[in-house]
Amino acid sequence: MMLLQVQEVTKRFGGLQALSDVTFELPEGQILGLIGPNGAGKTTLFNVLNGVFAPNKGRVIFRGEDITGLPPYDVARRGIARAYQVVRPLNDLTVRENVMVGGCFGRECLSLGQAASGAEEVLAVVGLLDRADQLASSLNVAQKKRLELARALGSRPYLLLLDEVLAGLNPSEIAAMLETIQKIRAGGITILMIEHVMQAVMNVSDRVIVLDYGQVIAEGLPEEVVNNPLVIEAYLGDPKLTQRLIEG
Amino acid sequence: MKTRLRFGYLLPLAIILVWGVWVLLKGEDTLRETTFTVFMFIGMASSLNILLGYTGYVSFGHIVFFGLGGYFGFYLVSQHNLALIPASLAGGALSGALAGLLGLAVLRLRGAYFALATIGINEAARAFVSNFGPFGGATGLFVQFSAYEAYGGAGPALWTTFIYLWLVTLVVLLASSLVKSSRFGLGLMAIREDEDAAMVMGVKAPRAKTIAFMISAFFPGMIGTLYFFKNGNVEPGDAFQLHMSIEALVMIMLGGMGTVFGPMLGAVTYQGLRGYLLTSPIFKSLHLAVSGVFLLVIILFIPAGVVGWIRHRIPLTRKLLE
Ligand SMILES: Nc1ncnc2c1ncn2[C@@H]1O[C@H](COP(=O)(O)OP(=O)(O)OP(=O)(O)O)[C@@H](O)[C@H]1O
Ligand SMILES: [Mg+2]
């Protein structure tokens, strides 16, 4: 079954065309990698998917239902959760409470008690259980990234949007995070992940799509995409990324 | 979690309960009057805290709900001989309803814009009431002496009013505890920390904020009715004093916003301090300026307020103070 169908989604900011006719599908249970140079429109696509921005054109179909233009909280309750690129912890709440917000207001609308025990499980999965009663502001960057993930998972979503959860992590942290992501998928959650760490995307993704200047320029299996001349060209504008692409 | 719920939330209630009983047993008029003012500010600060402390929205003009709700309740008591309890409930309901209507419009504004809008609302309400015939226009309303007879005369009526205020204060503290320890309260605190992220996590921010605004407006309407009834009259100049809003903010900040105990502690401390300032000839004319400086010092040095500071310094107290 198609969990998510994105049809001709277009988003403009003034004169800037951030997304042009973006179309793709995501079957249930897969990990779809979303790559592209800086400013390609990846985060903007997430913002359209979860209702932060309404698209100027196009439709978003989730589990057979048209969710285009719904406010973010209605999208969340239908089962889409998101981890931000720039971490946004609820600083003055504890780590546990952060995750409970996801549980209480996400897809299952749990009671406080249920959300608290759900939070324990999720924190164990991401390895933050021993920090549960600390304030979120006291975590370091790697831990905050994990908290983003835990909070999204706390709502038991059908679809998880991960925006560069590996950025800023060291190699061993990346390995641990990838393991966690695999565990999450094994638990039946479909994942759409934006990533710059090319080797990682290539390893965990079932399929990859490439955005450049708001357009989908390639789509397919990871190995097909890395060898696509259009993709290599798109990345040539950014030597650092080209390097990573080649190394990956 | 359960034991923390019990003690931290029961402490403020227990203090007010004992305090009220003590005043009743003493039976002195001056003690009743000073306690009335303190309870009134505890109620005002604690209600405002539901919006400011839990939800993160600063309402400078919150006194409008005290003034307008109080006016309406007082109007019902003085002009229609309604009993005090239903009248104050009606005053609260009017304030709550007004907040509900305003909430849809002004809670879209964030930060300073919202704070400024609330000042505008207060000034608009003052102008409206000053020209509104049924509320007596600029001269206001008086209570007929006969209205006190239902309570056994003027003296006993003041004691009855005090008891009602005492009960309202207890209910406000209870409401504050219930909100803070509930799922709804968790949503409010998520909004306070990051409204956009909260919405992405599923918190229906527009609705939650409006409900918080309504709760925080309801109690001031009740308190206003009781206060004007105690005074025997109401006029626009008394009802919409912006500086009372500011003082309520100082109390919350002083005690610790976002806590149940903080606004109460702040109200008691600030009232004590103000009592001193008003009797000291040097400070008498300066007391508002002094409270302004006070606010600045709190924001700069103990932004979490006394309760927040203690909780931070002495982890043991986190289980005891909420
Ligand atoms: N709210 C906004 N208002 C105006 N322009 C925006 C807004 N959000 C994004 N943009 C612009 O849209 C374009 C796409 O931005 P987006 O953040 O989606 O890129 P990205 O692919 O996520 O890049 P990165 O890899 O750097 O995170 C950029 O040119 C950006 O400046
Ligand atoms: Mg981005």
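Two strands count as paired here if DSSP finds at least two bridges between them. Strands themselves, like helices, are DSSP runs numbered from the N terminus, with at least two residues (E) for a strand and at least four (H or I) for a helix. With that in hand, look at L4(A), which stands opposite L26(A) in β2(A).

Before going further, some housekeeping on the model. This is a predicted model, where local features need pLDDT of at least 70, side-chain atom pairs count only at pLDDT 80 or more, and totals for chains, interfaces and linings use all residues. Residues are numbered from 1 along each chain as its sequence is written, chains are lettered from A and ligands numbered from 1 in the order in which they are written, and side-chain values use heavy atoms, with hydrogens and water left out.

Back to the sheet. β1(A) and β2(A) run antiparallel and are joined by eight bridges. The hairpin they form has two residues between the strands, and in it G14(A) takes a positive phi near 55 degrees. On the other flank, β1 (residues 2-13) of chain A pairs with β4 (residues 57-62) of chain A, again in the antiparallel sense, over five bridges. L4(A) turns up here too, standing opposite F62(A) in β4(A), while T10(A) has K57(A) as its bridge partner in β4(A). Put together, chain A has an open sheet of four strands in the order β2-β1-β4-β5, with antiparallel pairing. β2 and β5 (65-66) of chain A stand at the edges with a single partner strand each, so one side of each has no neighbour in the sheet. As background, side chains in a regular strand alternate between the two faces of the sheet.

β2 also leads us to ligand 1. Both β2 (16-27) and α1 of chain A supply at least two residues each to the shell around this ligand, and α1(A) gives the largest share, three residues. In total, 14 residues surround ligand 1, and the closest are N38(A), G39(A), K42(A), T43(A) and T44(A); being near means having a heavy atom within 4 Å. By class, the shell has five nonpolar, seven polar and two charged residues. For that count, Ala, Val, Leu, Ile, Met, Phe, Trp, Tyr, Cys and Pro are nonpolar, Asp, Glu, Lys and Arg are charged, and the others, Gly among them, are polar.

Which atoms come up against the oxygens of ligand 1? A polar side-chain atom of T44(A) lies 2.6 Å from one oxygen atom. From the backbone, a polar atom of G41(A) is 3.0 Å from an oxygen atom of ligand 1, and an N or O atom of A40(A) lies 3.2 Å from an oxygen atom of the ligand. Taken alone ligand 1 exposes 630 Å², and the protein buries 63% of that (Shrake-Rupley areas with a 1.4 Å probe; for residues, only the protein chains shown count as cover).

The protein donors are T43(A) (OG1) and Q85(A) (OE1), 1.9 to 2.2 Å from the ion. Donors are N, O and S atoms within 2.8 Å of the metal (3.2 Å for Na, K and Ca), and water is not among the atoms, so sites may look incomplete. The cut-offs are under 20% for buried and over 50% for exposed, with partly exposed in between (1.4 Å probe, protein chains only).

Most residues other than glycine have a negative phi. R156(A), not a glycine, has a positive phi near 45 degrees; R156(A) is in the loop between α5 (141-154) and β7 (159-163) of chain A and is partly exposed at 34%. In chain B, N81(B) has a positive phi of about 55 degrees without being a glycine. N81(B) lies in the loop between α3 and α4 (84-106) of chain B and counts as exposed at 61%.

Technical notes: A polar contact is a pair of N or O atoms within 3.5 Å; within protein, one must be able to donate a hydrogen and the other to accept it, and residues adjacent in sequence count only if both atoms are side-chain atoms.
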